Amino acid sequence: MQYIQPLWPAFPEIFLLAMTCVILVADLFISDENRGTTYFLTQLALAGSAFLTWFISHHLNAGDPIRTFGGMFVSDMMSNVLKMTTYLGVMAVLVYSRSYLMARHMFRGEFFALALFATLGMLIMISANHLLILYLGLELLSLSLYAMVALQRDSAKATEAAMKYFILGALASGMLLYGMSMIYGATGSLELTRMASLIDDNAAKNVGLILGLVFVVAGIGFKLGAVPFHMWIPDVYEGSPTAVTLFLGSIPKLAAFAFMIRLLVQGLGNTDIQMHWQQMLVVMSVLSLAIGNIAAIAQTNLKRMLAYSTISHMGFLLLGIISGGVNGYVSSMFYAIVYVLMNLGAFGMMLLLSRDGFEAEHIDDYKGLNQRSPWYAFLMLIIMLSMAGVPPLVGFYSKFSVLQSIVENGNIGLAVIAVIFSLIGAFYYLRIVKVMYFDEPVDTSVIAPRNDAKWLLTINALALLFFGLMPQSLMVLCANSILGSL
Amino acid sequence: MYALPLLSLSIWIPIGFGLLVLASGNERNAGFVRILALVGALLGFLVTLPIYDGFSVATHGFQYVEEREWIDTFNSSYHLGVDGISLLLVLLNSFTTVIVVIAGWEVIQKRVSQYMAAFLILSGLLNGVFCSLDGLLFYVFFEATLIPMFIIIGVWGGPNRVYASVKFFLYTLLGSLLSLVALMYLYFAAGNSFSLQDIYDTPLALGPQIFIFLAFFMAFAVKVPMWPVHTWLPDAHVEAPTGGSVVLAAIMLKLGGYGFLRLSLQIVPDASHALSGMMIFLSLVAVVYIGLVALVQTDMKKLIAYSSISHMGFVTLGLFLFNAQGLEGSVLQMISHGFVSGALFLCVGVLYDRMHSRQIADYGGVVNSMPVFATFFMLFAMANAGLPGTSGFVGEFIVIMGAMQANFWYAFAAATSLIFGAAYTLWMYKRVVFGAVANEHVAQLKDINLREFLILGLLAVAVLLMGLWPNPFAELIHTSVTDLLAHVMHSKLPMP
């Protein structure tokens, strides 16, 4: 027992890894008709991990961070909350994509194994307290995603997307690793908490450290999809099968957020260094807001539009980190969670409306949705207006709290820029509402999704409204988790 | 005092019924949906009557105050309360909702439940704006009203509805987003509080005050709308369905005036004084220039839309004169404009439903086939022109009196509106109603039915009541206006 106990904080990951291996092997013996078994096993594995995470958060670390593997792995309030969101997100992704995958002959064991490995990578990233662990988690996630994008191997578009994603991703990983090595050279430690204590005012003047920081920030920018490292986002979003786009476009942002908090705030949070990365992030953030929002206007493909919208959302997410205070990190985390919720809804709707041989990925496919199905149009209305940040939907509060934290730091100019770009952003979200409500339908086929996906989407969209009316609980959760981790 | 949370009820009853209507509606049971919507609108109106009944006109400050925890993170609470000014607007709004539901009874045949639900939800949200005593809550209600209005214009509007609805949405969103940044600044200035009372009590230097004033100006001037940011209004009005135009003119424009008097004047009184010259100038431009623009319109709805802008110029003029007459007249003008412009849009709606044209040139001699209608139309046209004895006279007259105290030339310029107003309204009336019967369509027009008689009759009573006996209205707002004036005259500059 005494040998096992220290590993407790990593039990959810260990359990998930074991289950993934079991599923990988078991799937070989499952015939195509019974592929549903793999699906259920996958959901079970996620639910089991979720239970373990819940158990740890309630019974082991009552608020305080606990570390294991010699301090390389940490379980704290933030990791628990982000992990829970990750499980729920992945489970929702699987529910939404089930019939889509079946119709396209992608409902196979590999998809589930890769999704679970990617999930594992995200969990590791979220809990990493060591640069190598952080990198390992990131690579596990990225490699699984590259394969998932290429899963539809007969599709030229998907292959191209995967190739682009892989090459640019490998480049970014290289930069990240290079930056990490420089940081190691400058500070003498790879462990984040130790690194923070080693950096004093002298070390902060070290050019090697700053140079390493530049590479690391570039790597993060790539993984987030912030301008000028955003080139892959639209193509990969458009080229991947929608189910994979849903996966890679939403949940990994939580892990990327944790990455930023761990590395920039916990590791390199020294005031002098903070100033350096803040400057870089300000440029990335403003450019993301500008290019994301403006380029999205010109899109006719909904997946591409949401890709650019993601870029602009990441700009907002960065704004929270830039503001530097605890409130900023809290607002950023709130933004990340809300973003995942909204993105799941938007792509979930796309998957729900698509059927065999029809992708529902063009904006014109949504024409007259209100006449075909008022309920789905209403849900999509909620999702789009929430993304635009119109109250009383939760997207408003996520933007609001980020802006609030910037204004708190006296950066009103930045807040005004963000506000003006979100006005531009409102235009293209409104266009979706416009085609759904004001135009006549061109496609009159019956919408008949699976019941589980239908109910989940309803809950998902109504949650945006619910948290919009009562945002307090979610905000407190984010505040507690950041306060409990820093 | 009443134990029931009446203000909350006046907000949530219409919204609740709206959702119910939305949920129960499909194309087959339109009859049931209409009745359900009417019940909701009537209940929403009835629940405001005890508020009026129990309201004490002599009491200073806010009444029926409700305060509950909402978002502790931002120290923002669900804080409601009314003074005389907001109560009057709540009453106007709930009354208008009933009218609008009845007005859409037969006219709307397409997606009835969504139409009715949009108006009910809008009505609840508007009540929320008028009752909020918390900055964030105010903003949430203020912004949320855009969604139903966007849908109303876009789905049931005229041929150019998409352009108009998007323009409406983006125009108003720009202004309110800037005011959001101002609110955030105020939040920190007031020691982390969104409570309007705390914000009122916070001293502010003149520099920030000016910026905050300009941010609020962007939000509220667009809503009023003031010249030169008025261009969305004619588009929106022309394309909106009749009910949409009525609510837009009668209530949504008041959000701007109300915002000025609740936020701008009280939060940044010194900046309001400093910039009052600009505000008065813009108001007078609206009154005079837009009055002239109205004169040359060939589309009836557009003419009334421009006349609305011109009349709302009186509201902003009165607010920035900083005397009791100005403020009181401005509030009365808001209420009167709510009745009169609403009624005029309904009149145009009556004609449009029969002829499917809003062009003045397509009409002529309507009185021959629609005598009852012509009588009502006459009354509302006179009220729009500001004839003594109608509500239109009261507000304009008091504002002009206030302007006279401030500066003779302000009063002079404002008073020209009485001439232009009479000119464009009565000239339109003459061309549409009198003269020879223009064509055989006009000759075959049927006079108004009982439903139309009911709504026009209700509004006619309101217009005459307010015109002949304005005392109950003036009494209701008197204490609030005195308080407001005291607040505005009190400098908020920090002590040196």
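This is a predicted model: local features need pLDDT of at least 70, side-chain atom pairs count only at pLDDT 80 or more; totals for chains, interfaces and linings use all residues.
1. The side chains of B:Glu143 and B:Ser176 are joined by a polar contact of 2.5 Å.

2. B:Glu143 belongs to helix α6 of chain B, which covers residues 135-144. The residue is buried and yet takes part in no salt bridge. B:Lys223 is the nearest side chain of opposite charge, at a distance of 6.5 Å. That separation rules out a salt bridge between the two, because a salt bridge needs the side-chain nitrogen within 4 Å of a carboxyl oxygen.

3. Beyond neighbours within four places in sequence, B:Glu143 is in contact with residues of both chains. On the chain A side these are A:Val390 and A:Pro391; on the chain B side they are B:Leu173 and B:Ser176. The glutamate therefore has heavy atoms within 4.5 Å of A:Val390 and A:Pro391.

4. Turning to the interface as a whole, chain B and chain A each put 35 residues into the contact. Between them they bury about 3,300 Å², and 81% of this is on carbon and sulfur atoms. Within chain B, the residues that lose the most area to chain A are B:Phe74, B:Met184 and B:Phe188, which together make up 16% of what that side buries.

5. How many salt bridges and polar contacts cross between chain B and chain A? For polar contact it finds five residue pairs, both residues being at pLDDT 80 or more.

6. Several elements of chain B supply at least two residues each to the side that touches chain A: strand β1 (63-71) and helices α6, α7 (146-156) and α8 (161-189). The largest share comes from α8(B), with 16 residues. By type, the residues on this side of chain B divide into 27 nonpolar, four polar and four charged.

7. B:Lys254 lies in helix α12 of chain B, residues 242-267. Is the lysine buried or exposed? B:Lys254 counts as buried because its relative accessible area is 0%.

8. Setting aside neighbours within four places in sequence, B:Lys254 is in contact with B:Leu89, B:Phe130, B:Ala249, B:Met312, B:Met334, B:His337 and B:Gly338. B:Lys254 can also be placed relative to B:Phe142: the two are 112 residues apart in sequence, and their C-alpha atoms are 11 Å apart in space.

Methods
Residues are numbered from 1 along each chain as its sequence is written. Chains are lettered from A and ligands numbered from 1 in the order in which they are written. Side-chain values use heavy atoms; hydrogens and water are left out. Helices (H or I, at least four residues) and strands (E, at least two) are DSSP runs, numbered from the N terminus. Buried means under 20% relative accessible area, exposed over 50%, partly exposed in between (1.4 Å probe, protein chains only). Lys and Arg count as positive and Asp and Glu as negative; His and the chain ends are not counted. A polar contact is a pair of N or O atoms within 3.5 Å; within protein, one must be able to donate a hydrogen and the other to accept it, and residues adjacent in sequence count only if both atoms are side-chain atoms. Buried area is the accessible area (1.4 Å probe) that two parts lose on being put together, summed over both. Ala, Val, Leu, Ile, Met, Phe, Trp, Tyr, Cys and Pro count as nonpolar, Asp, Glu, Lys and Arg as charged, and the others, Gly among them, as polar.
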